[in-house]
Amino acid sequence: MLSSRTTTTEPAPAPPQPVPLPQRAFPIPPMKPSSETGETGAPRPSPVVDPDDPQRLVGLDLPEATELLGEPSIAEEQPPGKILTYVWEDCRLRVFFYPDLSDQHFKALTYEFSGIEASAEAERACFATMLQRNGI
């Protein structure tokens, strides 16, 4: 006696539903405008630089600083940096240079004044005197 087998085919299970991604905790900000252009895409005006502001030293390379202030009273190598010291009467200005890794040129990273009152006005006056001394 032969038995007949009947096979029943079960339908394939449905694929799982995609899991929704969680909402971002913080919104993604829009792209920042380029530093050369403003919100409208027009070129930004150059910032006004106060000629007596010693902050203008930051970012200068050695030749630019020497052109601005003249030959230093003391030039030191303190690896990995270099220090140029300018002395005029009681005012002493030290400019610290470190290698810029992108182009291997030394750039002024910071500066310090000594021998004068610790105030922005005294620093500006000293810096202005040093510039005038160099004909700037």
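**View 1. Phe-97 stands opposite Ala-108, a residue of strand 4.** The model shown here, as in every view below, is predicted. Strand 3 and strand 4 pair in the antiparallel sense, and 8 bridges connect them. Strand 3 covers residues 91-99, while strand 4 covers residues 106-114. The two strands form a hairpin with 6 residues between them.

**View 2. Gln-104 lies in the loop between strand 3 and strand 4.** In this hairpin, Gln-104 takes a positive phi near 65 degrees, although Gln-104 is not a glycine. Most residues other than glycine have a negative phi. The relative accessible area of Gln-104 is 54%. Because exposed means over 50%, Gln-104 counts as exposed.

**View 3. Glu-89 belongs to the loop between strand 2 and strand 3.** Glu-89 also has a positive phi, near 55 degrees, and is a residue other than glycine. With a relative accessibility of 68%, Glu-89 counts as exposed.

**View 4. A cis peptide bond joins Pro-79 and Pro-80.** The omega angle of this bond is about 10 degrees. Most peptide bonds are trans. Pro-80 is located in the loop between strand 1, residues 74-78, and strand 2, residues 81-88.

**View 5. A disulfide links Cys-91 and Cys-126.** The S to S distance in this pair is 1.5 Å, and the count for the model comes to 1 disulfide. The angle about the S-S bond is -85 degrees, and the link of Cys-91 and Cys-126 is left-handed. The pair joins distant parts of the chain: Cys-91 is in strand 3, whereas Cys-126 is in helix 2, residues 120-133, and 35 residues separate them.

**View 6. The largest nonpolar core contains 19 residues.** Which residues have the most contacts inside this core? They are Leu-57, Leu-69, Leu-93 and Phe-127. Several elements contribute to the core: helix 1 (residues 62-69), strand 2, strand 3, strand 4 and helix 2 each supply at least two of its residues.

**View 7. Leu-69 is one of the residues with the most contacts inside the largest nonpolar core.** When residues up to four places away in sequence are not counted, Leu-69 touches Leu-57, Tyr-86, Leu-93, Phe-127, Met-130, Leu-131 and Asn-134. Among these partners, Leu-57, Leu-93 and Phe-127 are themselves named with Leu-69 as having the most contacts inside the core.

**View 8. Trp-88 lies in strand 2.** Trp-88 is partly exposed, its relative accessible area being 35%; this value falls between the limits of 20% for buried and 50% for exposed. What does Trp-88 touch, apart from residues up to four places away in sequence? Its partners are Thr-129, Met-130 and Arg-133. Trp-88 and Met-130 are 42 residues apart in sequence, yet their C-alpha atoms are 7.1 Å apart in space.

Definitions and conventions
Residues numbered from 1 in each chain as written. Predicted model: local features only at pLDDT ≥ 70, side-chain atom pairs only at ≥ 80, totals over all residues. Heavy atoms only, no water. Disulfide = S-S within 2.5 Å. Helix = DSSP H or I, 4+ residues; strand = E, 2+ residues; numbered from the N terminus. Buried < 20%, exposed > 50% of the residue type's maximum accessible area, 1.4 Å probe, protein only. Pairing = 2+ DSSP bridges. Core = buried A, V, L, I, M, F, W, Y, C linked by side-chain atoms within 4.5 Å. Contact = heavy atoms within 4.5 Å.
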